[in-house]
Amino acid sequence: KSLKSVKSPENLANAYRQITVSIRLNSTEPVYTDELSFIASELALATSENATAAAQLTNLALVASDQALSTSPYNISFYKTRTRVLYALSEIDPQYLNPAIVTLEKATELAPTDPKLLYNLGLLYARDDQIELAVAALEKSSALKPNYEDPLLALALLYEEQNQPDKAKIYYQKLLELNPDHETARQKLQTLP
C-alpha cells in the first residue's frame, strides 16, 4: 500500500509513516526495508532544497537498501529498487549515478536474460555518456525480446542525439514494423534527413 501512495508527492509523508509502522511490526521483513529505501529516496528528492533533511533521508535510503540486500543478496527486486534509489539520489548528487550503474550491472549478472534490466542499464550508460555500452545493452535487450519497443526507441533517439540519422532511421523503421501505429517513429522518419 505504501508504494502506491508514493505516486503523488503530497502522500510521501503518509507512505513513510505507513512503512515505518510496518517495520516496527515486523522488523525482519526485507521487503519493508526495501520499500523504506525507495520512499526515503523520493522524500530526499522532494526535500532537496533542505540540505540537512535531504542528507538524512539519503542516508536512511542507503542504509535501508543495504539492509534489504544483505538479507536477500540474490533478490532481483531489491537490486531494481536499489537502482531506483540511487538514480533518484543522482538527481540531487551526480555521484550516485555510477553506483546505480554498478547495481544494475550486478542485477544483469544475476538475471542475464531480463530484457528490462538491460534496457534500463542502457539508459543509465547513455546518461553517463558511455554510448558504446549503452548501445550494446540496448541491442542485447532488443535481441532478448524482439517485440520490446522501448530499447528500439531508445536506440533511435540515442543515434539521433549522436547525429547519426541513418542509424536512427533503422530503429524507427523497426519500430514501425513492430507497431505500424507508432506515432513517434512515423513522425521521426518523415523529418529526419
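User: Why are α8 and α9 called roughly antiparallel to each other?

Analyst: It comes down to the angle. The axes of helix α8 (residues 131–144) and helix α9 (residues 149–161) cross at roughly 155° and come within 9 Å. Angles over 145 degrees count as roughly antiparallel, under 35 as roughly parallel, 65 to 115 as roughly perpendicular and the rest as oblique. With roughly 155°, α8 and α9 are therefore roughly antiparallel. An axis here is a line fitted to C-alpha atoms, for helices over the stretch in contact, and angles run from 0 to 180 degrees between N-to-C directions. Bear in mind that this is a predicted model, where local features need pLDDT of at least 70, side-chain atom pairs count only at pLDDT 80 or more, and totals for chains, interfaces and linings use all residues. Residues are numbered from 1 along each chain as its sequence is written, and side-chain values use heavy atoms, with hydrogens and water left out.

User: Which residues of α8 and α9 meet?

Analyst: On the α8 side they are I131, A134, V135, L138, E139, S141 and S142, and on the α9 side P151, L152, A154, L155, L158 and Y159. Contact means heavy atoms within 4.5 Å. By class, that contact divides into ten nonpolar, two polar and one charged. Ala, Val, Leu, Ile, Met, Phe, Trp, Tyr, Cys and Pro count as nonpolar, Asp, Glu, Lys and Arg as charged, and the others, Gly among them, as polar.

User: What makes α3 and α5 roughly parallel to each other?

Analyst: Helix α3 (residues 30–46) and helix α5 (residues 76–92) pack at about 15°, with axes 8 Å apart. That angle is under the parallel limit, so α3 and α5 are roughly parallel. Their crossing is left-handed, a label used if the near helix is turned anticlockwise from the far one by less than a right angle (right-handed if clockwise). The contact of α3 with α5 has ten nonpolar, four polar and four charged residues.

User: How is α3 oriented to α4?

Analyst: α3 and helix α4 (residues 51–71) pack at an angle of about 155°, with their axes 8 Å apart. That makes α3 roughly antiparallel to α4. The crossing of α3 and α4 is left-handed.

User: How many helices and strands does the protein have?

Analyst: Eleven helices and zero strands. Helices (H or I, at least four residues) and strands (E, at least two) are DSSP runs, numbered from the N terminus.

User: What makes a space a pocket, and how much space lies in the largest pocket?

Analyst: On a 1 Å grid over the protein atoms alone, a pocket is an open set of points with protein on both sides within 12 Å along at least five of seven lines, whereas a cavity is a set where a 1.4 Å probe fits but cannot get out. The largest pocket holds about 360 Å³, a volume being the space filled by probe spheres set on the points, which are joined across faces, edges and corners. It is lined by 16 residues, and K80, T83, R84, Y87 and N120 are the closest to its centre; lining residues have an atom within 4 Å of a point. α7 gives the most to that lining, with six residues. Eight of the lining residues are nonpolar, two polar and six charged.
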